[in-house]
Amino acid sequence: MPITIYQDRIFALHTNHTSYVMKKEENGLLSQVYWGKRIDAVQDFDESSLRGENSYHMAADQAMEEYAPFGGMRYKESALKLEFADGTKDFRYQLAGYQRMENGLELILKDEFYPCQVKLIYRLYEEEDIIRRHAVVENLGKEDILLEKCASAQFGLAGCDFKSLQFNGAWAKEFYKKQDSLQGGKKVYESLRGSTAHVANPCFVLHRDADEWNNDVYFGLLAYSGNFKVSLEATPYDWTNVVIGINDTDFSWVLKPGEAFETPAVYAGYSAEGFSAMSHRLHQLQRRYLMPKTLSDKPLKVLYNSWYATYFDVRCEQQKKLAEKAAQAGVELFVVDDGWFLGREDDTRALGDWTPDPEKFPNGLNELIDHVKGLGMEFGLWIEPEMVNENSRLFREHPDWIYRFENRPVLKGRNQYVLDLTKEEVVSWMLETLDRLLSDHDIHYLKWDMNRAISETGAFGQNSVEHKMVWHTHMTNFYRVVRELRARHPEVEIEACASGGGRADLGAMEYFDEYWTSDNTDPLDRLFIQENYSLLYPAKYMRAWVTDSPDERKVSLPFALHVSMCGSLGIGCNLNALEEEKLALIQEQIGVYKQIRNIVQFGELYRLTSLEREEIQTVEYLLKNQGVIFAFLPQGRFGKDRFRVKLKGLEAAGTYRVTDRGKILEKSGVYLMEYGLEVNLRGDYDSCLIRFQLL
Ligand code: GLA
């Protein structure tokens with residue numbers, strides 16, 4: 001039974017290996033009492049968990065509340081802050097009822113006096129050991145309610161001995177992992193940029209000295225691509241208070257009579273077996289339930305992207321030549337990045353004018369598309385629809401379509417402004433423009449970019465409260481455009497990009513088929529970015545291109561190819577200038593990738609060794625009875641050329657055939673997992689791809 005309810009007071013949500021237990025306390029508050037390994041005997045929790053209170057430490061402040069409102073005598077970080085029309089600023093609730101749902105539960109918190117209720121909605125993914133949570137606030141009265149904070153979820157974890165992992169990166173340094181100890185006070189990770197951004201990911205990962213294979217990890221990922229806030233607070237009462245949701249800075253929402261506000265969802269889980277189990281559960285959840293169905297069970301094609309080869313200097317003939325080389329190499333999807341549209345010679349102009357440049361494409365874009373299709377590939381384009389340059393037709397026609405404050409000059413980022421997506425006419429323009437682009441051309445793929453943070457969110461004609469609704473309205477309208485575009489063109493594949501990996505989150509996953517992971521394609525940096533990325537998100541969504549080696553780092557091409565083959569492979573080299581033998585090598589490795597990509601894109605990923613601790617990085621992908629291992633030695637030392645690596649997830653009693661660069665071994669699963677496999681690498685930037693198969 002996934003849900004057990006004891007005497008209408010104790011509510012337990014069970015997944016295959018975990019239990020999450022909540023309780024209605026004697027004073028009517030709803031608190032969380034347990035989250036951890038599965039406990040079926042829920043009646044055992046029938047004892048008071050309220051602590052004695054005194055004037056400075058009130059019961060409500062001490063309780064591990066399931067969804068604590070601001071107000072009353074509570075001083076911990078809250079999940080909800082609202083204001084009623086008469087100025088009352090607290091929500092004094094009682095657990096008023098519950099409802100079982102298919103695979104889920106709904107709990108209703110009702111104010112004792114005011115006509116307002118909050119529904120806490122839970123859905124269980126039993127096999128993945130994950131719980132989805134979100135909240136809905138409903139105005140049941142006749143007057144407006146002002147919401148000033150409305151988080152998706154709050155979690156109480158017993159103890160104040162957690163370490164927290166976050167990804168505090170930057171552009172070209174995405175998923176840069178940092179660890180903090182949470183022993184006292186509060187730690188906040190957030191984005192205020194109107195996008196997920198590179199500086200933090202909308203998630204929490206709390207652990208007790210966990211490693212890949214051992215110890216407690218609690219995690220939660222927010223399905224939202226806008227301003228978010230994750231607050232982790234070591235309370236004075238020996239429990240850790242986690243609140244995750246839409247950022248309350250510069251946020252408010254007017255809830256009119258009869259209206260409801262629905263938060264984005266959080267997908268949360270507990271693993272007693274370290275980070276590896278966390279990743280497997282998250283990856284499986286994403287593959288089975290969150291990815292758009294059109295491509296969720298199909299492997300992504302090998303793509304070519306023109307950005308690093310031709311930047312803004314796109315011309316039809318030169319792209320045709322690139323396409324010919326790409327087809328020769330085995331590429332399946334040819335993508336023209338920035339620079340293809342009306343007058344786009346550099347990044348100071350043309351954003352907003354989404355029609356092919358007649359100077360660059362004198363016979364229209366279809367000439368190139370036909371050529372690409374004739375070569376047996378699909379065609380794709382880069383777009384950045386939420387933005388406009390001052391120097392564009394769109395801006396000249398609609399200077400009032402951008403966010404700005406009326407009495408200040410507007411700031412530019414990468415020479416561009418952000419379109420005011422709270423305006424219905426802007427939403428319609430965006431949808432119709434993209435619809436036309438896709439209807440007029442045989443386009444299989446779009447790379448949807450967002451290259452500046454949002455600022456100055458003044459929208460014309462709105463009052464000061466409505467200004468604070470802009471951030472979230474922007475997000476919901478952005479999602480609406482993508483959703484509608486996909487409905488009109490269900491066959492089109494769309495990649496989420498925001499100056500690299502600034503839009504890698506579960507909110508974007510619902511609408512996009514893959515993420516551009518980072519503009520940083522340096523293979524060594526990529527090893528770190530990719531490993532950390534894999535903690536949360538699956539290899540399939542990790543687009544990874546091989547580009548020309550930068551002058552400052554001479555990485556061998558096979559090494560670079562192997563790094564990119566760890567995700568969804570792409571090529572970004574200037575093929576028009578590439579030596580024939582390098583093109584032949586790319587062609588050969590694309591051939592290999594096509595044989596193994598199902599294993600990489602759909603298999604279980606194991607981080608066997610890491611450059612954080614070991615001399616080599618080794619990653620295993622296992623799909624049923626077949627697997628691949630990539631191993632990387634960036635810098636060999638003291639002539640060491642033998643590394644023993646223990647495999648994971650194999651059938652202990654089975655026999656595996658292992659193929660390593662022409663060498664074939666047959667070994668038992670238990671031998672490969674307990675004694676290990678010898679990996680031979682030597683010198684600088686050496687790498688290998690090893691395959692294995694259960695006999
Ligand atoms: C961003 C993207 C790049 C490229 C450029 C084009 O920086 O991350 O991959 O598309 O925009 O201007």
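Reply: In this predicted model, Lys667 in strand 36 is the bridge partner of Tyr656.

Me: Why is strand 36 called an edge strand?

Reply: The open sheet has 6 strands in the order 31-32-33-38-35-36, with antiparallel pairing. Strand 36 (663-668) pairs on one side only, as does strand 31 (604-609), and these are the edge strands. From one strand to the next, the twist averages 20 degrees.

Me: Which helix touches strand 33 and strand 38 and makes about 45 degrees with the direction of strand 38?

Reply: That is helix 13 (residues 557-565), which packs on the sheet. Helix 14 (residues 580-602) also packs on the sheet, touching strand 31, strand 32 (617-623), strand 33 and strand 38. The direction of helix 14 makes about 100 degrees with that of strand 33.

Me: Why are helix 2 and helix 12 called roughly perpendicular?

Reply: Helix 2 (residues 274-290) and helix 12 (residues 523-536) pack at about 70 degrees, with axes 6 Å apart. Angles of 65 to 115 degrees count as roughly perpendicular; the two helices are therefore roughly perpendicular to each other.

Me: Which residues of helix 2 and helix 12 meet?

Reply: Phe275, Met278, Ser279, Leu282, His283 and Gln286 in helix 2 meet Ser534, Leu535 and Leu536 in helix 12. The residues of this contact comprise 5 nonpolar, 4 polar and no charged.

Terms used:
Residues numbered from 1 in each chain as written. Predicted model: local features only at pLDDT ≥ 70, side-chain atom pairs only at ≥ 80, totals over all residues. Heavy atoms only, no water. Axes fitted to C-alpha atoms, helices over the stretch in contact; angles between N-to-C directions. Helix = DSSP H or I, 4+ residues; strand = E, 2+ residues; numbered from the N terminus. Parallel < 35°, antiparallel > 145°, perpendicular 65-115°, else oblique. Contact = heavy atoms within 4.5 Å. Nonpolar A, V, L, I, M, F, W, Y, C, P; charged D, E, K, R; others polar. Pairing = 2+ DSSP bridges.
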